[in-house]
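This report describes the strands of one protein and how they pair. Please look at the sequence and the model below before reading on.

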Amino acid sequence: AEDGIRDVAVTGVQTCALPILWYFPGGTPIISNNLTQTVNYNTPGNYNAILYVIGGGCSQFDSAFVPITINPNPSITINSSSTQLCPGATTTLTATGASTYSWAPPTGLSGTTGSSVVASPANNTQYNVTGIGSNGCSSTAMIQIDVRQPTNAVISNSSLNACQGIPYSFDGSLSTEADAFNWTLNGGSPGTASLPAGTTTFNTPGTYTINLTTSNICEIGRA
């Protein structure tokens, strides 16, 4: 008997009312006294299920072998032209490793079958693909597609006044959807910075302007 999945059901046939014992090398459970037993095999390969008939009123001992072939599940991989999209953009998802493919959820997809589909989700979405190999076994892979929103640069300094020669803190950590920060600290030392927050020192009294530009894959924001 062959089965392309990892759970295999075997049934013994008794010719008289005798105790029976199943032995499943490499399977779980490894032994059973049930007439019908489902066995799980975690590793592909060829196995023998052995049925023993032990003693009883017929005064006999016998055994039988059931050959079982456990086929491997396909190894599915998904490639994407991009896993981060701007609103309205598309990306191509391509699955490999199986013979046929089924995609879910259908939201934002150009189709739900085939090795390649085009995705254009409105929101962050996890797509799953189930692939079936030529041996009938299946497995599933997933990919996360994130939809980035426009960035918004925010300067949230607690004070707009600084003392000469004393480090002054600047803070853009409340900016949203920002992948990169570009500070222009006119009159300060240092005069530029690329971190969400930091300090600069103004050594000459006066009035200065601090500018923050944030960016992501979709656009640039300024404050």
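Strand S14 and strand S18 (residues 197–202) run antiparallel and are joined by five bridges. Strands here are DSSP runs (E, at least two residues) numbered from the N terminus, and two strands count as paired if DSSP finds at least two bridges between them. One of the bridges links Pro 167 to Thr 201 in S18. The pair belongs to an open sheet of three strands in the order S14-S18-S16, with antiparallel pairing. Strand S14 (167–171) and strand S16 (188–189) are the edge strands, each pairing on one side only.

The model is predicted, so local features need pLDDT of at least 70 and side-chain atom pairs count only at pLDDT 80 or more, while totals for chains, interfaces and linings use all residues. Residues are numbered from 1 along each chain as its sequence is written, and side-chain values use heavy atoms, with hydrogens and water left out.

A second open sheet has three strands in the order S7-S9-S11, again with antiparallel pairing. Its edge strands, each pairing on one side only, are strand S7 (77–80) and strand S11 (116–119). Neighbouring strands of this sheet are turned by 25° against each other on average, direction ignored; the axes are lines fitted to C-alpha atoms, and angles run from 0 to 180 degrees between N-to-C directions. Within the sheet, S7 is joined to strand S9 (residues 91–96) by four bridges, and Thr 77 stands opposite Thr 96 in S9.

Strand S5 takes part in two further pairings. Four bridges join strand S2 (residues 20–23) to strand S5 (residues 45–53), and nine bridges join S5 to strand S6 (residues 62–70).

Strands of a sheet pair through backbone hydrogen bonds, either parallel or antiparallel.

For the protein as a whole, the secondary structure comes to zero helices (H or I runs of at least four residues) and 20 strands. Of its 223 residues, 31% count as buried, meaning under 20% relative accessible area with a 1.4 Å probe, protein chains only. The accessible surface, from the Shrake-Rupley method with a 1.4 Å probe, comes to about 12,200 Å², of which 52% belongs to carbon and sulfur atoms. Among contacts (heavy atoms within 4.5 Å) between residues at least 6 apart in sequence, 53% join residues at least 24 apart.

Definitions and conventions:
Buried < 20%, exposed > 50% of the residue type's maximum accessible area, 1.4 Å probe, protein only.
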